[in-house]
Amino acid sequence: MAETSLKSAAGYLPMLRFDRKVARKELRWSGLGGSGRGLRAVAGWDEDPVTMSVEAARGVLGDDAPDAVVFASTSAPFTDRSQAGIMVDALHLPSGVMTQDVANTRRAAVTALLRALRGGTDLIAAGEKRAAAPGTGPHLNWGDGAGAVLTGPGPGVARLLGAASLHADLLDVNTTAERGTPYGAEDRFVRDEAVAQVYTPAIRAALADAGLDGAAIALAVVPEPVAGTYRALARGCGLKAANLCEEIAAQAGDLGAAMPLFGLALALDRARFGDKILLAGFGNGADVLVLEVTGAGNGSAAQALTQGAILDSYTRFLNLTGTLGLDWGPRAEVNQKVSASTLLRHGRDMHGFVGGRDRGGNVQFPKTPIPVRPDATGPEEYDDVVLRDVPGTVASITADRLNFTPDPPFHFGLVQFENGARVVMEHCDVEGPAPEVGAPVRMRFRIKAIDRQRRFRSYFWKAAPIARPELTQEA
């Protein structure tokens, strides 16, 4: 049996970056607001852990379908619905692929990766959009984002040399269903105990399992429950490598369960052949992996850190993070219920953006019983056409402030696809002027609507600008 390796890794961040100095200035009167240093990735109203995980997973999938899809998050929108199943449909994978959701600890994705590297072709994706009370450290320091990895037999971009797992019920933060927002322990206690009781023994055990010492590690991906944790443990473990999680936390925030996978993708973007990577997942213990680099990263995580748009409105930040409830008036009183029968019959085509090619060669979405082709005389069979990766351009676009959206204005219009399909679509990631007619767009998996009566969300694809601005230019 061929050795299982890491085949690819990718990271995704939402476009908006909240400048923490805005919060420090706004909250100066209260003594809150943190240090004011760095940026925090902020998901749009139509992004959640599932949509961001789909975007990250698009960066790792090849031509062959995985045997299993694992979704990891501590902020998943559903507690009784398979979110890995939504990913299967959105990525248009075979419906027979095994699905699993893992949760309740920030190291869940790393645990799943360790199991996969011991045998299996698995797609593992983690996404986070964690809630926290305004004014608290987590609200400013926790970022939104996702990471994904793919494992499989044969050569890949990295192979497992050694690993260790350790359980310790250290409650640096805990979130209950009743409270909804995190409650944290005292920082010094967390840092000292995380170093002594969790990270140091787990890292030493993983290095011993790999037959290496700390000096052999070229890059470290070690999530910090408290700033300064890595520096405190590095000397005792003989580590001299930089911790990429510190850079990610400064540029995007702590990504929770997605932090290790995003960090691994960033490490592979920067590593050289033969480098050793120390990867850790932290949360009620730790999983630590030692990997040897055997290939190159795809550049997605490094690019995500450098691209985006600065968010400098504190009230918009509060609105997007769900901590400021605005009364949108009668426009928002729309019943957006999605029936179970509609999802069962059409959900796979909707989530996967699967159009159809009729007998005359025309491509359309959705697949109506009778094609929209003018000379069609009755029902026809279609060949499936997945539109999410087909190049498209703006055919028309409107910025509307009359239709309700939680983050105005509402952009929509016609998108012309290269294969001839033309679809009325919403647009997302539009900061500033709307894209011009003829501008290229790409598809992003997003929340279509939220049923405010039943708190249910539906998903579809939206058109986004093909490129994002460089943060250096925005800053």
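This is a predicted model: local features need pLDDT of at least 70, side-chain atom pairs count only at pLDDT 80 or more; totals for chains, interfaces and linings use all residues.

Residues are numbered from 1 along each chain as its sequence is written, and side-chain values use heavy atoms, with hydrogens and water left out.

**Stop 1: the cores.** Select Phe18, Phe353, Leu387, Phe417, Met425, Met443 and Trp461. These have the most contacts inside the largest nonpolar core, which has 62 residues. A nonpolar core is a set of buried Ala, Val, Leu, Ile, Met, Phe, Trp, Tyr and Cys residues joined through side-chain atoms within 4.5 Å. Buried means under 20% relative accessible area, exposed over 50%, and partly exposed in between (1.4 Å probe, protein chains only). Now centre on Met443. Beyond its neighbours within four places in sequence, Met443 is in contact (heavy atoms within 4.5 Å) with residues including Glu55, Arg58, Phe353 and Trp461. Another core, of 48 residues, lies apart; Leu160, Leu255, Ala258 and Ala301 are among them.

**Stop 2: Gln251.** Find Gln251 in helix α8. Helices (H or I, at least four residues) and strands (E, at least two) are DSSP runs, numbered from the N terminus. Gln251 is partly exposed, at 31% relative accessibility. Leaving aside neighbours within four places in sequence, Gln251 is in contact with Arg17, Leu39, Arg40 and Leu305.

**Stop 3: cysteines.** Cys245 is buried, at 2% relative accessible area. Cys428 is buried too, at 5%.

**Stop 4: the cavity.** A cavity is a set of points on a 1 Å grid over the protein atoms alone where a 1.4 Å probe fits but cannot get out; a pocket is an open set with protein on both sides within 12 Å along at least five of seven lines; lining residues have an atom within 4 Å of a point. The whole structure has one cavity of 30 Å³ or more. The largest cavity holds about 60 Å³ of space. Select its lining: Arg106, Pro223, Glu224, Pro225, Asp254, Gly256, Met259 and Phe282.

Stop 5: Of its 37 lining residues, Gly137, Asn141, Pro225, Val226 and Ala227 are the closest to its centre.

Key
Grid points are joined across faces, edges and corners, and a volume is the space filled by probe spheres set on the points.
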